[in-house]
Amino acid sequence: MSDLFNLGVLRASTRLDGVPRYGKGRPGQKSSFAHRLGSNEAPDPLKEDVLAAVTSALRDGNRYPDLRGETVSMALAAIHGLQPDEVTVGAGSIVLLDQLIRAFCDHGDEVVAPWPSYEAYPILAGISGARLIRVPLDRDHRLSPAALLAEIGSRCRVIILCNPNNPTGTALAEEEIDELLAAIPRDVLIILDEAYVDYSVAPDEAASSPGRRLRKHTNLAILRTFSKAWGLAGFRAGYCLSNRSVIDALHAVAPPFPLPGVTLAAVMALLSRPQLVQARVEQNAAQRSKLTDELRSMGIPVADSRANFIWLPVGERATELATHFTAASVAVRCFDGEGVRITSGTSDDTAAVLATAATWR
Ligand SMILES: *Cc1c(COP(=O)(O)O)cnc(C)c1O
């Protein structure tokens with residue numbers, strides 16, 4: 001790995017030494033899997049009227065888009081009952097996560113997160129020069145508040161809570177999250193990564209919980225994305241809700257023009273059609289419970305998921321199970337030695353997963 005960064009006299013920053021890379025063993029965008037269940041995307045393509053909004057935005061391609069994605073951030077502020085300067089957008093919530101960590105961590109600082117969780121966390125902590133402290137999940141694959149609080153030391157600057165958690169799908173109840181937020185020291189930035197929130201709570205709660213929490217906690221930043229339940233992964237759009245000082249720090253570390261005009265148009269079209277998201281969420285709940293019930297009845301362990309994927313904690317047999325799915329043209333995500341994550345997609349996808357699992361011993 002370090003060979004890449006050691007081209008004669010040219011040398012990249014030592015911060016990059018030992019930082020893992022994205023997308024290990026991930027099938028490429030053009031790969032020909034019949035069932036693409038490795039990235040928790042929405043299974044259905046863009047609806048015609050959303051597509052029409054995007055197409056018309058293409059005509060303005062000669063112009064720069066909003067300096068800070070204001071069209072979208074103002075609409076989001078209204079939806080969440082916040083001020084416009086308490087919201088900012090980025091080309092995916094992963095970009096905002098990177099900005100937050102860079103804005104708050106110095107070399108040698110610590111970022112604490114439950115583990116296993118989103119694979120980007122150790123990478124983003126690493127490139128900012130910080131160290132990720134991994135706190136093991138409990139026996140039910142859930143975040144353990146007590147274990148997490150015990151790991152907050154004097155170098156801890158950031159805590160990342162992913163709820164529902166990727167890759168396990170498990171979630172703390174809203175009251176449990178509130179209790180945990182209250183127990184974390186005020187000088188630690190809490191990043192609440194809610195990429196899957198639309199799958200786990202009612203729309204009213206998803207709209208109102210950020211305002212309620214931000215009024216109580218000045219050290220909180222909430223991340224949301226349009227890539228999952230909103231079905232716009234290819235457009236790259238996510239947002240952060242926080243107090244205006246945190247939002248200002250995010251702007252300080254990012255170049256302007258974060259979202260292309262076509263992305264702004266796609267997001268605005270969807271924000272005015274929340275029923276599309278609700279339909280997707282309901283369809284997903286049906287597929288997820290079918291997958292969970294039937295895999296369990298085959299004797300395969302499945303964690304309780306509140307997201308659009310399921311976690312099979314098969315431990316040592318993870319690679320073998322993932323290979324079995326891949327051979328059947330079902331793309332899944334393998335976490336070596338821990339488990340396999342499978343996106344719940346269409347009823348066709350569900351049928352393929354169940355038929356493939358039935359032939360695994
Ligand atoms: C998918 C995902 C994201 C980021 O998605 P973007 O496409 O970058 O918005 C962030 N956090 C978690 C836990 C995810 O699973």
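**Figure 1. Arg280 and the residues around it.** Setting aside sequence neighbours within four places, Arg280 touches Ala42, Asp44, Tyr199, Ala229, Trp230 and Gly231. Like everything in these views, this comes from a predicted model. Arg280 itself belongs to helix α11, which covers residues 274-297. Is Arg280 buried or exposed? Its relative accessibility is 11%, so Arg280 counts as buried.

**Figure 2. The seven-stranded sheet.** Follow the strands across and you get the order β4-β10-β9-β8-β7-β5-β6, in an open sheet with mixed pairing. Strands β4 (87-90) and β6 (131-136) sit at the edges; each has a single partner strand, so one side of each has no neighbour in the sheet. From one strand to the next, the twist averages 25 degrees. Helix α3 (residues 93-104) packs on this sheet and touches β4, β5 (110-115), β7, β8, β9 (220-225) and β10 (238-242). The direction of α3 makes about 160 degrees with that of β9.

Figure 3. What covers the faces of β4, and which residues lie on each side? Val87 and Val89 are on one side, Thr88 and Gly90 on the other, and all of them are buried, so both faces of β4 are covered.

**Figure 4. Strands β7 and β8 side by side.** Strand β7 (residues 156-162) and strand β8 (residues 189-193) run parallel, joined by five bridges. Ile159 stands opposite Ile190 in β8, while Cys162 faces Asp193 of that strand. In a regular strand, side chains alternate between the two faces of the sheet. In β8, Leu189, Ile191 and Asp193 point one way, and Ile190 and Leu192 point the other way. Five of the five residues of β8 are buried, so the rest of the structure largely encloses this strand.

**Figure 5. Ile152 in its loop.** Ile152 lies in the loop between α5 (145-150) and β7. With a relative accessible area of 19%, Ile152 is buried, because the cut-off for that label is under 20%. Which residues does Ile152 contact, leaving aside its neighbours within four places in sequence? They are Ile159, Ile184, Pro185 and Val188. Pro185 is 33 residues away from Ile152 along the chain, yet their C-alpha atoms are separated by 8.7 Å.

Figure 6. Glu110 and Arg131 form a salt bridge, with their closest N and O atoms 3.0 Å apart. The pair links distant parts of the chain: Glu110 is in strand β5 and Arg131 in strand β6, 21 residues apart. Glu110 is buried, at 14% relative accessible area, whereas Arg131 is partly exposed, at 48%. Side chains of opposite charge can pair when their charged atoms come close. Across the whole structure, a search finds 19 salt bridges.

**Figure 7. Asp178 and Arg212 between two helices.** The side chains of Asp178 and Arg212 meet in a salt bridge, 3.3 Å from N to O. This pair also links distant parts of the chain: Asp178 sits in helix α6 (residues 174-183) and Arg212 in helix α8 (residues 203-216), 34 residues apart. Arg212 counts as partly exposed, at 27% relative accessibility.

Figure 8. Arg317 and Glu320 meet through their side chains in a salt bridge of 2.7 Å, N to O. Both ends are partly exposed: Arg317 has a relative accessible area of 32% and Glu320 has 38%. Elsewhere, salt bridges that share partners join Glu174, Asp178, Glu194, Glu205, Arg212, Arg213 and Arg224 into one network.

**Figure 9. The three-stranded sheet.** This open sheet has the order β11-β14-β13, with antiparallel pairing. Its edge strands, β11 (309-312) and β13 (333-335), each pair on one side only. The twist averages 20 degrees from one strand to the next. Three bridges connect β13 with β14 (residues 339-343) in the antiparallel sense, and Phe335 has Gly339 of β14 as its bridge partner. Helix α12 (residues 318-327) lies across β11, β13 and β14, at about 35 degrees to β14.

**Figure 10. A nonpolar patch on the surface.** Tyr64, Leu67 and Phe257 make a nonpolar surface patch of about 350 Å². Tyr64 is found in the loop between α1 (48-58) and α2 (70-80). Its relative accessibility is 67%, so Tyr64 counts as exposed.

Definitions and conventions. Residues are numbered from 1 along each chain as its sequence is written. This is a predicted model: local features need pLDDT of at least 70, side-chain atom pairs count only at pLDDT 80 or more; totals for chains, interfaces and linings use all residues. Side-chain values use heavy atoms; hydrogens and water are left out. Patches are made of residues with over 30% relative accessible area and no salt bridge: like charges are joined within 9 Å, nonpolar side chains (Val, Leu, Ile, Met, Phe, Trp, Tyr) within 5 Å. Accessible areas come from the Shrake-Rupley method with a 1.4 Å probe; for residues, only the protein chains shown count as cover. A salt bridge is a side-chain nitrogen of Lys or Arg within 4 Å of a carboxyl oxygen of Asp or Glu. Helices (H or I, at least four residues) and strands (E, at least two) are DSSP runs, numbered from the N terminus. Buried means under 20% relative accessible area, exposed over 50%, partly exposed in between (1.4 Å probe, protein chains only). Two strands pair if DSSP finds at least two bridges between them. Axes are lines fitted to C-alpha atoms, for helices over the stretch in contact, and angles run from 0 to 180 degrees between N-to-C directions. Contact means heavy atoms within 4.5 Å.
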